[in-house]
Amino acid sequence: MSQARLMDGTALARRMVEETAKRAADLTDRTGQAPCLATVLVGEDPASVTYVRMKRNRCRKAGIESRHVELPATTTEELVGALRELSNDPTVHGILLQHPMGAHIDERAAFEAIAPEKDVDGVTFASFATMSFGLPGFVSCTPGGIMRLLDEYDVDPAGKRAVVVGRSAILGKPAGMLLLARDATVTYCHSRTADLSAAVREADIVVAAVGRPRLIRGQDIKPGAVVVDAGYNEGNVGDVDFDSAVERASLITPVPGGVGPMTIATLLEQTVSAAARQSH
Ligand code: NAP
């Protein structure tokens with residue numbers, strides 16, 4: 001069998017950001033106010049600091065303003081208060097609460113303080129519900145980016161067996177719900193799954209969202225399957241053993257350059273959509 005085609009997330013994300021920048025400029029011309037994303041950083045975790053800086057830089061390049069709120073030492077109560085204030089501020093259109101936030105914060109209470117119409121990172125219960133029902137609303141950004149990649153490469157999930165490895169609230173679980181909303185037959189695998197290889201072998205579409213380097217091996221990929229690797233581990237390594245999987249799959253995302261760039265592109269796109277809806 002020939003090698004899989006690569007699903008190029010870098011190129012698609014670039015086109016999405018260009019399109020988003022045009023929409024942001026039009027909206028700014030029309031309303032006199034640029035779309036604005038509030039970024040909220042709790043604590044001083046170096047990775048989180050870098051992620052937030054990256055997101056703010058991308059916003060600036062796309063003509064989206066960002067308002068940064070830093071809470072180096074905070075309580076759930078104070079954080080909830082800050083998020084409610086941003087939710088009520090008409091000059092803020094989207095809110096990104098960088099996570100993880102540390103064990104001392106009640107993460108769910110914080111997420112639920114974000115107004116659903118500003119939940120451009122898709123973290124609230126309301127967003128999860130609309131996404132699961134396939135209704136308009138904001139999706140969790142990485143799963144949303146995965147669906148865009150599948151669409152771009154004409155992968156129709158309807159009737160396909162999709163196996164999602166990982167069930168986190170921001171990635172695995174919503175990815176499975178989006179695939180289900182598009183009529184795939186979805187199986188979730190996780191750390192207690194008895195025979196992961198057997199489940200993966202059945203899959204027409206594999207979504208790897210684990211955080212374990214090269215966990216999914218080529219020998220378990222059904223010939224011709226579509227392989228989406230959302231994992232990102234030290235040394236630019238995904239959750240799929242790329243070298244063996246590329247020999248069996250029909251389409252595969254590289255790491256880096258596959259799912260990764262789609263996450264920020266989706267965040268920017270949803271921020272401009274939020275601003276457009278709020279301007280009406
Ligand atoms: P997470 O919250 O740690 O969740 C990991 C999931 O994998 C859990 O559901 C866990 O099962 C499952 N798991 C762990 N070991 C397993 C094993 N041996 N077999 C099967 N399942 C196993 O991680 P996450 O936040 O979802 O992130 C997953 C990966 O995606 C990471 O590499 C992360 O860096 C990457 N990521 C990428 C982006 C992006 O923009 N590209 C965004 C977010 C995350 P249990 O539920 O049973 O514990």
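Trainee: How much space lies in the largest pocket?

Mentor: Start with the general idea: rolling a probe the size of a water molecule over the atoms shows where empty space is left. In this predicted model, the largest pocket holds about 1200 Å³ of space.

Trainee: Okay, and which residues are closest to the centre of the largest pocket?

Mentor: Look for Y51, T142, A230, Y232 and T263, the closest to the centre among the 42 residues that line the pocket. By class, the lining splits into 21 nonpolar, 14 polar and seven charged residues.

Trainee: Which element gives the most to that lining?

Mentor: That's helix α2, with six residues. You'll also find β4, α6 and α10 there, and each of these, like α2, supplies at least two lining residues.

Trainee: Let's turn to helix packing, then. At what angle do α2 and α10 pack?

Mentor: Two packed helices are described by the angle between their axes and the distance between the axes. Here α2 (residues 46–61) and α10 (residues 260–279) pack at about 55°, and their axes are 11 Å apart. That angle makes α2 oblique to α10. The crossing of α2 past α10 is right-handed.

Trainee: Which residues meet there?

Mentor: From α2 you get M54, K55, R58 and C59, and they meet I264, L267 and L268 of α10. That contact has five nonpolar residues, two charged ones and no polar ones.

Trainee: And how far apart are the axes of α6 and α10?

Mentor: They're 8 Å apart, and the angle is about 100°. So α6 is roughly perpendicular to α10. On the α6 side, the contact uses C141, T142, G144, G145, R148 and L149; on the α10 side, it uses M262, T263, T266, L267, E269 and Q270. Sorted by class, this contact has four nonpolar, six polar and two charged residues.

Trainee: Now the backbone. Which residues does a cis peptide bond with omega of about 5° join?

Mentor: Keep the general rule in mind: most residues other than glycine have a negative phi, and most peptide bonds are trans. The cis bond you're asking about joins H99 and P100, and P100 sits in the loop between β4 and α4. Another cis bond, with omega of about 0°, joins V255 and P256; P256 is in the loop between β9 and α10.

Trainee: What about phi: is it positive or negative at D183?

Mentor: Positive, at about 70°, although D183 is not a glycine. You can find D183 in the loop between α7 and β6.

Methods. Residues are numbered from 1 along each chain as its sequence is written. This is a predicted model: local features need pLDDT of at least 70, side-chain atom pairs count only at pLDDT 80 or more; totals for chains, interfaces and linings use all residues. Side-chain values use heavy atoms; hydrogens and water are left out. Axes are lines fitted to C-alpha atoms, for helices over the stretch in contact, and angles run from 0 to 180 degrees between N-to-C directions. Helices (H or I, at least four residues) and strands (E, at least two) are DSSP runs, numbered from the N terminus. Angles under 35 degrees count as roughly parallel, over 145 as roughly antiparallel, 65 to 115 as roughly perpendicular and the rest as oblique. A crossing is left-handed if the near helix is turned anticlockwise from the far one by less than a right angle, and right-handed if clockwise. Contact means heavy atoms within 4.5 Å. Ala, Val, Leu, Ile, Met, Phe, Trp, Tyr, Cys and Pro count as nonpolar, Asp, Glu, Lys and Arg as charged, and the others, Gly among them, as polar. On a 1 Å grid over the protein atoms alone, a cavity is a set of points where a 1.4 Å probe fits but cannot get out, and a pocket is an open set with protein on both sides within 12 Å along at least five of seven lines; lining residues have an atom within 4 Å of a point. Grid points are joined across faces, edges and corners, and a volume is the space filled by probe spheres set on the points.
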